[in-house]
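Here is a short report on one protein chain. It moves from the sheet to the cores, then to the annotated segments and the chain as a whole.

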Amino acid sequence: MITYYDDKSVQVTSTAVRVDGRTFPLAEISEVWHRRGSRSWRVLAGRGAIGAALAGPLVAAVLGIGLAIWLHRSPVVTLAIVGASVLVGLGVGPLADFLFEHLDRSYARGSRQLEMWARWQGRPVRLLCTGDALRFGQIYRAVQRAMESGQAPRRRQNSIGVSGSIARPRSRP
């Protein structure tokens, strides 16, 4: 038995798919497909908040520099305002890596609910529903590979001998 995918709630092997304690033998599955749900506004709003958190200090720094130039104060005051603005802008540096990592994970997880369906014993059954696009893709591909390996190998039409090499015409001068 070959294991194609295994986590706490899903296991895909060369003989069956197990999801949340339910077992679906591959021999009884005739078709597998997937559906995408609508976008999650909560996920999109979270991405927007991360973008605002990244851009906020930089916008504040640019506005501070503009304010310092617009006020026409003494060089010391102008330099202090510009210095403070630059420090605010640089403050985003240490946070940027953390925020970009969260933004990247958000895109890896996706913004839609994904469902995997199968025709099991002649009727459609929902195998899996998740919002994690990366995990869904891994499971879906594992099920595809398991079903492909479970099919009987096809005999080649043009094979000769036990080696299975295909007869090819030779080019002669």
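## Sheet and pairing

Two strands count as paired if DSSP finds at least two bridges between them. The model is predicted. In it, S5 and strand S6 (residues 112-120) pair in the antiparallel sense, over 8 bridges. One of the residues involved is Arg-39, whose bridge partner in S6 is Arg-112.

## Nonpolar cores

The largest nonpolar core has 23 residues. Which of them touch the most other members? They are Val-12, Ile-29, Met-116 and Ile-139. Strand S1 (3-6), strand S2 (10-13) and strand S3 (16-19) each supply at least two residues of this core, as do S5, S6, S7 and H4. H4 gives the largest share, with 6 residues.

Ile-29 shows the contacts in detail. Leaving out residues up to four places away in sequence, Ile-29 touches Val-17, Phe-24, Ala-118, Arg-119, Trp-120 and Met-147. A second core is separate and has 6 residues. Its members include Ile-50, Leu-54, Ala-96 and Leu-99.

## Annotated segments

An unreviewed UniProt entry places the feature "transmembrane region" at residues 44-70 and 76-100. How much helix does the model show over residues 44-70? That stretch is 100% helix and 0% strand. Its end C-alpha atoms are 37 Å apart.

Residues 76-100 are 96% helix and 0% strand. Here the end C-alpha atoms are 36 Å apart.

## Whole chain

The protein chain has 4 helices and 9 strands. From the N terminus on, the elements run β-β-β-β-β-α-α-α-β-β-α-β-β.

Of the 173 residues in the chain, 26% are buried. The accessible surface comes to about 12200 Å², and carbon and sulfur atoms account for 58% of that surface. Among contacts between residues at least 6 apart in sequence, 55% join residues at least 24 apart.

Key
Residues numbered from 1 in each chain as written. Predicted model: local features only at pLDDT ≥ 70, side-chain atom pairs only at ≥ 80, totals over all residues. Heavy atoms only, no water. Core = buried A, V, L, I, M, F, W, Y, C linked by side-chain atoms within 4.5 Å. Buried < 20%, exposed > 50% of the residue type's maximum accessible area, 1.4 Å probe, protein only. Contact = heavy atoms within 4.5 Å. UniProt positions renumbered as here; feature names shortened; annotations may be inferred. Areas by Shrake-Rupley, 256 points an atom, 1.4 Å probe, with all protein chains shown as cover.
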